[in-house]
Amino acid sequence: MIDITCDACSKRYRIDETRMKSASAKVRCKACGHMIQVSKPETMHLAETIFDADGTLRTPAPAPGPPAAAAAEENPAAPVPTASAAAEIAVERTETIPFAAPQKVRFGLFGKTFVVMLLIGLLPFGIFWFLTFQDASDRIRNDAEALMAQTAKGLGDQMDVWINANISALRTVAQLPEIVSMSREQQEAALQAVHREHPWMYLVFTVAPNGMNVARNDGQPLVSYADRQYVKDVLAGKAVGWQTVIGRTSNVPALVVAVPIKEDNRIVGIMAAAMTVADMSKQVATWKKGLTGLAFLVDDKGFVLSHPNKQLVEKRENLNTHPLMAEFRKKGWTTLTTAFAGGNGAPMIGHARRSGYGWVLALMQEEQEVFEALGTIQTSALALLAATVFLAGFCAWFSARTLAKPIMKLTDAAERMSLGDLNVKIDVPSHDEIGLLAQALGRMQTSLRMAMERLRRKK
């Protein structure tokens, strides 16, 4: 028997050296967990086994017969243990000490290799994917906004060209001798001819410098236009005067354009024409893109001039509280492209711009529809990213497992050899550095087996 004492807690144990398979072994103190090195005396013989089923080292059961009597026969001078002392010895003899189990690795070679290879495989692709996707998103958004702005500019330019063409026609008519004469009889024939050539001008008329109507094409009674802003502007010296009004004869929103009638550079009257806005802006009202894209036109006061919803035009609804118009006015009536929430709460993108005559042309469409192509790209990119993550993860797992599994086999073999099992099979058929390690461990196993055999022959 070998008596040992734990260096850490002074707990005493008794080990049966005949059950130790090798010359030394490590045991763990059950009280504090300290590792104790046990060496077999040189005169002792090797035993057949030192293990129980649970891998622990136990002292043998005491031999049959009274221990006190045996001790007395062997050494009569030795004192016979009392009952209490014998119980204490029995407790010490049945104390078990487990051999040191292999330490568990929390984040070992497999985990480190897996993480490193996963990062190497995914990090460059992830950065490239993010930058590419961000660039594509910005490009699609900018293209969509630019297209909306270009469309709005095209519609606005068409309106301005249409109005300028009518102004040029009025200026030409205002220079006719019949108009310059300011005679009702002479002017009415010319005004009716203008109406026939330009049927959208439902009212063509002239106004004297005092604001009183001189002649008109519809034969209705003459009225005073002195309160009209376009009359005041022309009399004040402006080359063109215009105003959006509710026509007295048509009872619908109308644009009235006026130019001066001059004789010897002196204003002798005003030539004016009232045009229905619906006819002029039908291209705005009928513009549509996708399922949600629409356009509308408001005057400088915010009243609807053209809209796909005809009821808004008939009621001359004021859209100053519309989110797009409110933001447009806040920005100082400058060209604006912005995102806002629509009436149904859906995110919208809109563009508003001011025409040459003070009106505001607005286009809007739901973001989901505008950036439908972006959504398709995003779905494809996410699918590609997911596939890449899966493939990179599988490759990293396979590589880490290929590297770590043979090392774990060799570790297990070395652990079993340290516990006396010299017949453990070392089966690592690799031809790389791990294979060289396995061959070295096999040679060490052979050397240990030969050394043990020499010790047995000396017995």
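These are my notebook entries on one predicted model, entry by entry.

**Entry 1**

The chain has a mean pLDDT of 78, and 82% of its residues reach 70 or more. Then I asked which element has the lowest mean pLDDT and which the highest. Helix H2, residues 83–93, comes out lowest at 36, while strand E8, residues 213–216, comes out highest at 95. I also marked residues 43–102, where the pLDDT is below 50. That stretch still has 84 contacts in the model beyond near neighbours in sequence.

**Entry 1: the sheet with E8 in it**

Next I went to E8 and looked for its sheet. I found an open sheet of five strands, in the order E8-E7-E11-E10-E9, with antiparallel pairing. Which strands stand at the edges? They are E8 and E9 (241–246); each has a single partner strand, so one side of each has no neighbour in the sheet. On average, neighbouring strands here are turned by 25° against each other, ignoring direction.

Then I took the pairs around E7, residues 201–207. E7 pairs with E8 over three antiparallel bridges, and Val207 has Asn213 in E8 as its bridge partner. The two strands make a hairpin with five residues between them. In that turn I checked Gly211, which has a positive phi of about 90°. E7 is also joined to E11, residues 266–276, by six bridges, again antiparallel. There I found Met201 opposite Met275 in E11.

What packs on this sheet? I traced helix H5, residues 184–197, which touches E7, E8 and E11. The direction of H5 makes about 155° with that of E7.

**Entry 2: helix H10 and its cover**

I moved on to H10, residues 323–330, and asked which of its residues are buried. I noted Leu324, Met325 and Phe328. Looking down the axis of H10, the buried residues fall within an arc of 95°, so they line one face of the helix.

Six of the eight residues in E16 are buried, which leaves the strand mostly covered.

I looked at its pairing with E15: antiparallel, over six bridges. Ala341 has Pro347 in E16 as its bridge partner. E15 and E16 form a hairpin with five residues between them, and Gly345 in the turn has a positive phi of about 85°.

Then I looked at E16 with E17: antiparallel again, over seven bridges. Ala352 stands opposite Ala362 in E17. This hairpin also has five residues between its strands, and here Gly358 takes a positive phi near 85°.

I picked Val161, which lies in helix H3, residues 109–174. Is Val161 buried or exposed? It counts as exposed, because its relative accessibility is 55% and the cut-off for exposed is over 50%. I also compared Val161 with Gly356: they are 195 residues apart in sequence, yet their C-alpha atoms are 9.8 Å apart in space.

**Entry 3: salt bridges**

How many salt bridges does the structure hold? There are 10, and I opened three of them.

- Lys153 and Asp157 meet at 2.9 Å, N to O. They sit four residues apart in helix H3, so about one helical turn separates them. Lys153 is partly exposed at 41%, and Asp157 is partly exposed at 34%.
- Glu188 and Arg184 meet at 2.8 Å, N to O. These are four residues apart in H5, again about one helical turn. Glu188 is buried at 19%, whereas Arg184 is partly exposed at 35%.
- Asp218 and Arg216 meet at 2.7 Å, N to O. Asp218 is partly exposed at 28%, but Arg216 is buried at 3%.

Technical notes:
Residues numbered from 1 in each chain as written. Predicted model: local features only at pLDDT ≥ 70, side-chain atom pairs only at ≥ 80, totals over all residues. Heavy atoms only, no water. pLDDT = per-residue confidence, 0-100. Contact = heavy atoms within 4.5 Å. Pairing = 2+ DSSP bridges. Axes fitted to C-alpha atoms, helices over the stretch in contact; angles between N-to-C directions. Buried < 20%, exposed > 50% of the residue type's maximum accessible area, 1.4 Å probe, protein only. Arc of directions from axis to C-beta. Salt bridge = Lys/Arg side-chain N within 4 Å of Asp/Glu carboxyl O.
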